[in-house]
Amino acid sequence: MVFDPASLIFSETSGPIRASSILPAVRENIELTTADGLTLVGELALPANGVVKATLIMLHPLPTHGGFMDSHVYKKASYRLPALAGIAVLRFNTRGTSSPRGTSDGSFDEGIGERLDAAAAVEFAVARGLPNRWLVGWSFGTELVLKYGAEAPIADSIEGAVLLSPPLHRAQDADLQSWAGFGKPMTVLVPEFDDYLRPEEAAQRFALVPQAVMVPVDGAKHLWVGEKYAARALNELVSTVLGQELTLPLEWDGPVASLPAI
């Protein structure tokens, strides 16, 4: 059964925001259509008051290693950022990827066909009139951002990018140089104990992108496990796309829902 966000039941509460806390938003199951005719499933979460300050278009980690639109940092972004920061969050499953939302058409294409997936998501955000659009990539998602974000048709429709745990496997120096020429801002969050690319090497590789802001995160690992590190990632995301250093509240007084036990 496909999860329907309309099934969430909210109740008034006051206290700490927990990993499972779902704050109010206008949530909609969406479908994206790619240029090669695939249907991708996703969710759009908008601020309940209708005022959108920025839009995150989120490209998830490697689906062959468990990545999907519900990877925990992305799920927490959709749970919190519409209410806490006025930010719209667009999450979706790339081709062949499954989650409780459903399964996207097609099959994993090693980051090649996924170029069309990223473009379809950006096209959807533009068609909906969502402002201040930023690409957000995590692990495999950063490869898609780096390889395709600075090229047409995506380049003219985004303000910049935020990268979490870039492995720089598929993305090469030529892709970094394309971003350098593109000129739009990029924030790169690199965990101290990343499995693939740690801060010292990341600083050397991303030196090819003069506008890239490197943010080493002490104690963090590639998967950002732990509320402390997920919250840090969200704070950096919000600060980047809203253009000022911000720390999200840790407590909430108002309606909260949580996912039903399965």
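Let's start with contacts, meaning heavy atoms within 4.5 Å. In this protein, 74% of the contacts with a separation of 6 or more are between residues 24 or more positions apart.

A quick word on the model. It is a predicted one, where local features need pLDDT of at least 70 and side-chain atom pairs count only at pLDDT 80 or more, while totals for chains, interfaces and linings use all residues. Residues are numbered from 1 along each chain as its sequence is written, and side-chain values use heavy atoms, with hydrogens and water left out.

Now the overall build. The protein has 6 helices and 12 strands; these are DSSP runs, with helices being H or I of at least four residues and strands E of at least two, numbered from the N terminus. Its radius of gyration is 17 Å, close to the 18 Å from the globule rule for 262 residues, so the protein is as compact as a globular protein of that length. That radius is taken over C-alpha atoms, and the rule is 2.2 Å times the number of residues to the power 0.38. The C-alpha atoms fill a box of roughly 50 × 40 × 30 Å along the principal axes.

How much of the protein is buried? Of the 262 residues, 55% are, where buried means under 20% relative accessible area, exposed over 50% and partly exposed in between, with a 1.4 Å probe and protein chains only.

Helix α6 covers residues 227-242 and spans 22 Å from its first C-alpha to its last, close to the 22 Å expected at 1.5 Å a residue; the expected span is 1.5 Å times one less than the number of residues. Of its 16 residues, 12 are buried, including Tyr-229, Leu-234, Glu-236 and Val-241. Just after α6 comes Gly-243, with a positive phi of about 75 degrees.

Ala-233 is also on the buried list for α6, and that residue takes us to Leu-164, one of its contacts. Leu-164 belongs to strand β9, residues 160-164, and counts as buried at 0% relative accessibility. Setting aside neighbours within four places in sequence, Leu-164 also touches Val-73, Trp-138 and Trp-224, among others. Leu-164 and Tyr-148 are 16 residues apart in sequence and 16 Å apart in space, C-alpha to C-alpha.

Last stop, Glu-43 in strand β3, residues 39-46. Is Glu-43 buried or exposed? At 6% relative accessibility, Glu-43 counts as buried. Beyond neighbours within four places in sequence, its contacts include Arg-27, Glu-28, Met-69 and Arg-91.
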